[in-house]
Amino acid sequence: MSQAIFTISLDFELLWGIFDKVGTKYRVDYFSKTRALIPEMLDLFAENQIAVTWATVGMLFAENEEEWRSYSPANLPSYRDKSLSAYEWTKANGIRPEVHFAPELIKKVLDTPLQELGSHTFAHYYTLMRGQSPEQFREDLRATQKIAQDKFGVKMNSLVFPRNHINELYLPICLEEGYTQVRSNPKNWFWQETQHEDLSKKWFRSADCFFPIGKRTSFQKEELVKFRNEPLLIPASRILRPYSKANALFNSVRLTRVKNEMSIAAKKSEVYHLWWHPHNFGTDPEGALSELKAILIHFRRLNEKWGMKSLNMGQIGEMMRLAD
């Protein structure tokens, strides 16, 4: 328990993660680049023995529209704002397999050592938006577990709430449906109640990626406390913001911030939890992969000097259960 831990969780969603923001104005080539770079990302993780949790939208498991419909729950989320529903969006705009389905990539994740397949809910479900219900959320989680089990023989144990909308009243449902650990948000105020966004929260979150604005986000393992009838909450430390070809200085400052935080965590035997969306790499795959390589090289140095180890969310959960 004295070793520092470096963990990565990825929100794997393709268009399901941003349909309500971009509508029909998405670029297919952006997601084509994402699909092409995921095997490269997996190769980097394998080469460097990096354990990663891939929190995957359940709809991506489907081969086609017919299969997608067959696994969709009967009780769909009844958001007051219908534009938030993946089901309403597809009803109006249709399905495109290249941006909506990715079973072959999920298989590559499962075939790569140290990778954990986790859940990002079935339909990128927003647990804090008005109109939806606990039972609808439960059915969404069940649909995800069923398609994972039927297609790949996998029972998922780790969950990431879409948009970091963490409804604490729904945590017992997560545990009841098999999720023993959940990613939570940093303790800084600008990461709380993410359903209520304003410019100040966005500004502070962005600024904190470059300069220390909030509290230190790595944490002692003793802070990982499991409450009765709830999954273990594993706080995020830092989102890896997208690489910007237009601003080399910003890239350098942002990357240095991540590496410095990793170093502090290693020296203090703390946990550092980095996350991002794979599609964030689609803007500039070459630059983003180069940045990822730099992070992994830095991890190897911290592993050699301080004994920092790489664990995915499932492995952290197992470590904590064994320590009880």
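S9 is buried, with a relative accessibility of 0%, where buried means under 20% relative accessible area, exposed over 50% and partly exposed in between (1.4 Å probe, protein chains only). The model is a predicted one, in which local features need pLDDT of at least 70 and side-chain atom pairs count only at pLDDT 80 or more, while totals for chains, interfaces and linings use all residues. Residues are numbered from 1 along each chain as its sequence is written, and side-chain values use heavy atoms, with hydrogens and water left out.

S9 lies in strand β1; helices (H or I, at least four residues) and strands (E, at least two) are DSSP runs, numbered from the N terminus. The side chain of S9 makes a polar contact of 2.9 Å with the side chain of R183 and another of 2.8 Å with that of H273. A polar contact is a pair of N or O atoms within 3.5 Å; within protein, one must be able to donate a hydrogen and the other to accept it, and residues adjacent in sequence count only if both atoms are side-chain atoms. With residues up to four places away in sequence not counted, S9 touches T53, R183, H273, L274, W275, W276 and M313, contact being defined as heavy atoms within 4.5 Å. Two of the residues that S9 touches, R183 and W275, also form a charge-over-ring arrangement: R183 lies over the face of W275, at 4.2 Å from the ring centre. The criterion is that NZ of Lys or CZ of Arg is within 6 Å of the ring centre and within 35 degrees of the ring normal.

Strand β1 pairs with β2 in the parallel sense over five bridges, and S9 has T53 of β2 as its bridge partner. Two strands are taken to pair if DSSP finds at least two bridges between them. β2 also pairs with β3, again in the parallel sense and over five bridges; here T56 stands opposite S119 in β3. In a regular strand the side chains alternate between the two faces of the sheet. In β2 both faces are covered, with V52, W54 and T56 buried on one side and T53 and A55 buried on the other. Five of the five residues of β2 are thus buried.

The structure holds 17 aromatic pairs. Rings of Phe, Tyr and Trp (its six-membered ring) pair if their centres lie within 6.5 Å; planes under 30 degrees apart count as stacked, over 60 as edge-to-face and the rest as tilted. One of the pairs is formed by F12 and W54, which are edge-to-face at 5.9 Å centre to centre with 80 degrees between the planes. This pair links distant parts of the chain, F12 being in strand β1 (residues 5–12) and W54 in strand β2 (residues 52–56), 42 residues apart. F12 is buried at a relative accessible area of 1%, and W54 is buried at 0%. Y30 and F31 form a further edge-to-face pair, at 5.1 Å centre to centre and 75 degrees between the planes. Both Y30 and F31 are buried. One aromatic cluster consists of Y79, Y125, Y126, F137, F161 and Y170.

R35 is found in helix α2 (residues 28–47) and is buried, with a relative accessible area of 17%. A polar atom of the R35 side chain lies 2.8 Å from the backbone oxygen of E98, and one lies 2.8 Å from the backbone oxygen of F101. Apart from neighbours within four places in sequence, R35 is in contact with L14, P97, E98, V99, F101, A102, E104 and L105.

Helix α7 (residues 134–152) has 19 residues and reaches 27 Å from its first C-alpha to its last. This span is close to the expected 27 Å at 1.5 Å a residue, the expectation being 1.5 Å times one less than the number of residues. The buried residues of α7 include F137, R138, D140 and L141, and its buried residues pack against α3 (65–71), β3 (115–119), β4 (158–160) and α8 (171–176). Just after α7, G153 takes a positive phi of about 65 degrees.

Most residues other than glycine have a negative phi, and most peptide bonds are trans. L114, although not a glycine, has a positive phi of about 70 degrees. L114 is found in the loop between α6 (103–111) and β3 and is partly exposed at 37% relative accessibility. N229 has a positive phi near 65 degrees and is found in the loop between α9 (199–208) and β6 (232–235).
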